[in-house]
Amino acid sequence: MNAKSFAFDNPSAAIDAIAAQLATVTETEIVENCHGRVLAIDVVSDRDSPAADVSAMDGYAICLDQLTANNKIPIAGLAQAGSPPPTMVSNSVARIFTGAIVPVDADTVLKREDTEEFADHIRVSQNVLDQTSKGDHIRRVGENAGAGSLVVPAGKLVSPAVMATLANFGAATSTVKRQVNVVVLTTGDEVLPVTSTELKPWQLRNSNQATIRAALDAHPWIKTVDARHMKDDLTSLTRHLETALEEADAVVMTGGVSKGDYDFVPDAIAAVGGQVVFHGLPIRPGKPILGAGTNSGKLILGLPGNPVSTAINASRFLVPLLRKIAGISSWHSTAMMGTLQEATFKKVPLHTMLLARVLDDGKIELTASKGSGDLVALGQSDGYVCLPPSVNPLDASAVGPWPFFPW
Ligand SMILES: Nc1nc2c(c(=O)[nH]1)N[C@H]1C(S)=C(S)[C@@H](COP(=O)(O)OP(=O)(O)OC[C@H]3O[C@@H](n4cnc5c(N)ncnc54)[C@H](O)[C@@H]3O)O[C@H]1N2
Ligand code: MOO
């Protein structure tokens, strides 16, 4: 695979190109709890937020103009969360608690620690009065959103934060996109189930299936409909790929994608009519990666078999492309920017993704690794750092900051 054979010169361009060919899930369902799912409808507020003027502090509801410094001001009323507001008595204050509705005739809330409190009255200093403005510590009706306004748009992935918004507006049960159906097909005669105990030196356990399943299971908007292992046999690989494409929106395969005599994945993809968008990218690990689409907009992704390559590229390519299929509006992966503790890498003319750990001070330490088969280094990492081609580790700027993708 020489430089001329790359269809794209960077991973982002390759991801965008294949994403443009993918169909987005259109079917929807109503679920009781939207968490982790993709909203299919715009959610609008069912009432003003807040629903009335409420206090932001524990203290006293006052009419600011009626207060004079150091005088005894009677407490004549109690405004509690969960009760309607009291009527204000002239030249008096009402005790008020956070979240309670401010009485109609009050215009300001004083924090209790800014007053001198007695059983039936308070005193307020001139200094406090000087620093108080009308409206202080009142959250105004509708200041977050008026009734009927858009609060969460369709296409939003429901995080715990979004869940709070939906719950507040009575939309915790809502209409979401159906899950993205994914089939995982690992390949290789040498690969045995993870439960295997008697392995010959030429055999290994199916860590790729485990890492991809874990990557998929992390997202409630994905459903792994099948995960099976295939021998290196073109006929059966083709048959299973065909079946997988009938039941899934995306099929992810591992192994058998490079140049070996038993690497049948490209032929199987061609046999089912897959249109290859890229086969080989200037990346390490994962140079032989294969991305294809079908006529009906389904994804076939062939990840190189080396375990580090599979784990990194499942994160870098597979998950964002599934986000696109899922209908998530901001589907691209977003990385954090991290600075390396030390530039302990080699200059490589490829986009390089290096296993890394986050240190206590927030810096990133590259994980010592023997290459893309090093499952020990993989297990020690918190994610990976992406470097553009040909960064010279001796340059002062080599430590970054660089994009860091956590697992
Ligand atoms: N002549 C060339 N040879 C290779 C190239 C190349 O460009 N030219 N690329 C190398 C790179 S980079 C990678 S990555 C591998 C990927 O090749 P395949 O996708 O065909 O993967 P396999 O050969 O099937 O396996 C590679 C390696 O990974 C182990 N493996 C495979 N499946 C699993 C699994 N499910 N769980 C755990 N480990 C797995 C497999 O035993 C091999 O050791 O090709 C290079 N060669
Ligand atoms: O992708 Mo390969 O993983 O560079 O060895």
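Predicted model: local features only at pLDDT ≥ 70, side-chain atom pairs only at ≥ 80, totals over all residues.
Student: Why are helices H4 and H7 called roughly parallel?

Tutor: The axes of H4 (residues 207–217) and H7 (residues 307–326) cross at roughly 30°. Angles under 35 degrees count as roughly parallel, and therefore H4 is described as roughly parallel to H7. The two axes come within 10 Å, and their crossing is right-handed.

Student: Which residues of H4 and H7 meet?

Tutor: From H4, Ser207, Asn208, Thr211, Ile212 and Leu216 take part; from H7, the partners are Pro307, Thr310, Ala311, Ala314, Leu318 and Leu322. By class, this contact has 7 nonpolar, 4 polar and no charged residues.

Student: What makes the pairing of Asn206 with ligand 1 a polar contact?

Tutor: A polar side-chain atom of Asn206 lies 2.7 Å from a nitrogen atom of ligand 1. A polar contact is a pair of N or O atoms within 3.5 Å, so the pair qualifies. Asn206 is also listed among the nearest of the 20 residues around ligand 1, together with Glu190, Val257, Ser258 and Gly305.

Student: Which atoms of Gly256 and Asp263 approach ligand 1?

Tutor: For Gly256, a backbone N or O atom lies 3.0 Å from an oxygen atom of the ligand. For Asp263, a polar side-chain atom lies 3.2 Å from an oxygen atom of ligand 1.

Student: How do you know that Ser309 makes a polar contact with ligand 2?

Tutor: A polar side-chain atom of Ser309 is 3.3 Å from an oxygen atom of ligand 2. The cut-off is within 3.5 Å, so this pair counts. The corresponding distance is 2.4 Å for Ser372 and 3.0 Å for Asn306.

Notes. Residues numbered from 1 in each chain as written. Chains lettered and ligands numbered in written order. Heavy atoms only, no water. Axes fitted to C-alpha atoms, helices over the stretch in contact; angles between N-to-C directions. Helix = DSSP H or I, 4+ residues; strand = E, 2+ residues; numbered from the N terminus. Parallel < 35°, antiparallel > 145°, perpendicular 65-115°, else oblique. Left-handed = near helix turned anticlockwise from the far one by under 90°. Contact = heavy atoms within 4.5 Å. Nonpolar A, V, L, I, M, F, W, Y, C, P; charged D, E, K, R; others polar. Near = heavy atom within 4 Å. Polar contact = N/O pair within 3.5 Å; in protein donor to acceptor, adjacent residues only side chain to side chain.
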